[in-house]
Amino acid sequence: MVLAREQPFRLGGVEVRPATRELVGPGGREVLEPRVMQVLVALARARGEILTREDLTESCWEGRIVGEDALSRVISRLRRASEGVGRDGWTLETVTKVGYRLLPAGHDPMASPLAPAAAPAARRRILAATGAAGVAVLGGGAWWLWRPGRISPKARDLYEKGREAMRPGLREGTAQSVGFLREAVAEAPNFPDAWGALALAYQASLRFTEPAKQPGVRSQAEAAARRALDLDPREPQASAALALLAPIYRNWGPAERLYLRALALHAREGELEFVYARLLSDVGRMRDAVTHAQAAVVEDEFAVWRQYMLALTLWAAGRLEEADTVVAKALARWPGHYALWFQQLSMFMFSGRADRAAAMGADPSNRPLNIPAADVEISLSVARALASGAPGDIRAAADLNLERARKGVGYAENAITALSAFGRLDEAFAVARALYFSEGFVIPGQRFSTAIYAVEGTRHTHILFLPPTQAMRADPRFPGLMRDLGLSDYWQTSRHPPDDPAWARA
């Protein structure tokens, strides 16, 4: 919580000014300590709901472990303020062994809560986790949230153009999206939807940004998301952007809790459904991932990466015919899109249709757009080797993939699937250990020879649960890999096993 970004609000007869840490009311004026003001704002946001000590440390101490004395001191100081300048504004109630809640002056604690009973605690926590700065205000006996004023047609047009440019998920379109949305927020600084979309556009541009420059772009995404949530705490695109920015790799449980909190606040929001499907695929819960990928597509069927995720999860969940239909329809809509093209190639290669995969590259005009021929040939070498079954072809394709695995994350992922499909399990596990733990050799952040990069600190594990890596999953080394990745612990503590529970029990 950054107090300087918080807007003034009223609690009964008292005006609260977070930026200057002032309380101004009929009883005079008082300046609070920064932490005391943060706790007051957090309690005001809860709209009469009880906040536990954990809730308050998450939002006001950034989740750090603090002693009970520190929080008790802040509560005591806030209680004194409520009995002084704040006496016409609120009362602070302690709920024994539960937490605290802020009630407007004169409110009966036994009456119905100010917030709707159906509002889940997840709402409080997603606001804390995402750093939302929405302020609940008491006025005329009711709590209400700031509502944006009229947005100009020009700003709305720029917003729609920015959203549309983002959908294909390509470098040029993402850059255009950032440009349109920056114009939109310049035209309408109080347009929360445009700020939320800008946060998503910045986040999407990370994969086209060199690792050394990614922290700056990440900061821009976070700032745009915070601005959106300052204006409207329920703006879903900002919540989705912050969820996407949260680390997933070896952080499975906390990341899932963040996503579920966001979805509790924004049920069926497409971008959140998409990012949750991505996480579920990384932890081997492909059948569950399908459900969320389908929800993401229903919300916006013209978002390319949602179609890609739906095809991938359907394939991994054993629903090959449906996956074929999704990717074929998407390629008809976006011919030559690299992600869709390689997804169809993989599904053909690793489902007994390697001849069809090999044929995909026979016509140069049918190859993916803006991908170097050498990169396409690496995958086609696997298709041709699987189609022929000749030991020499398999050896050549395996050697080529092993050599390229040292050049980038995407190459390494492809090498793992190919080597597993070839039965070269020693090498498949060696590349996996290098990819996930930098054992044996270090793999750079660039995905392929084109300027597409892995987001700093991320390593996706969904490839370990795809059809071509079935042989790895049957190998006695696989449980050890799962333990080292933290996936075994996730399955045990979350009580959500992967599609094949044997992996979780191993």
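Me: How many residues does the hairpin use to join β3 to β4?
Reply: Helices (H or I, at least four residues) and strands (E, at least two) are DSSP runs, numbered from the N terminus. A hairpin links β3 to β4. The number of residues it passes through is two.

Me: Before going on, what kind of model is this?
Reply: Residues are numbered from 1 along each chain as its sequence is written, and side-chain values use heavy atoms, with hydrogens and water left out. Local features need pLDDT of at least 70, side-chain atom pairs count only at pLDDT 80 or more, totals for chains, interfaces and linings use all residues, and the model is predicted.

Me: In what order do the strands of the open sheet lie, and which are the edge strands?
Reply: The sheet has four strands with antiparallel pairing, in the order β1-β2-β3-β4. An edge strand here pairs on one side only; these are β1 (9–11) and β4 (28–31).

Me: By what angle are neighbouring strands of this sheet turned against each other?
Reply: Axes are lines fitted to C-alpha atoms, for helices over the stretch in contact, and angles run from 0 to 180 degrees between N-to-C directions. For this sheet the value is an average over neighbouring strands, direction ignored. It is 25°.

Me: Why is α8 roughly antiparallel to α9?
Reply: Two packed helices are described by the angle between their axes and the distance between the axes. The axes of α8 (residues 214–231) and α9 (residues 236–245) come within 9 Å and cross at roughly 150°. That makes the two helices roughly antiparallel, because angles under 35 degrees count as roughly parallel, 65 to 115 as roughly perpendicular, the rest as oblique, and over 145 as roughly antiparallel.

Me: Which residues of α9 make the contact with α8?
Reply: Contact means heavy atoms within 4.5 Å. From α8 come R218, A221, E222, A225, A228 and L229. From α9 come A238, S239, L242 and L245.

Me: Is Y411 buried or exposed?
Reply: Y411 lies in helix α19 (residues 409–422). Buried means under 20% relative accessible area, exposed over 50%, partly exposed in between (1.4 Å probe, protein chains only). At 4%, Y411 is buried.

Me: What separation do the C-alpha atoms of Y411 and R447 have?
Reply: Leaving aside neighbours within four places in sequence, Y411 is in contact with several residues, including D375, R404, R447 and F448. Y411 and R447 are 36 residues apart along the chain. Their C-alpha atoms are separated by 6.6 Å.

Me: What is the relative accessible area of N370?
Reply: N370 lies in the loop between α16 (354–360) and α17 (373–388). N370 is not a glycine, yet its phi is positive, about 65°. N370 is exposed, with a relative accessible area of 67%.

Conventions: Pairing = 2+ DSSP bridges.
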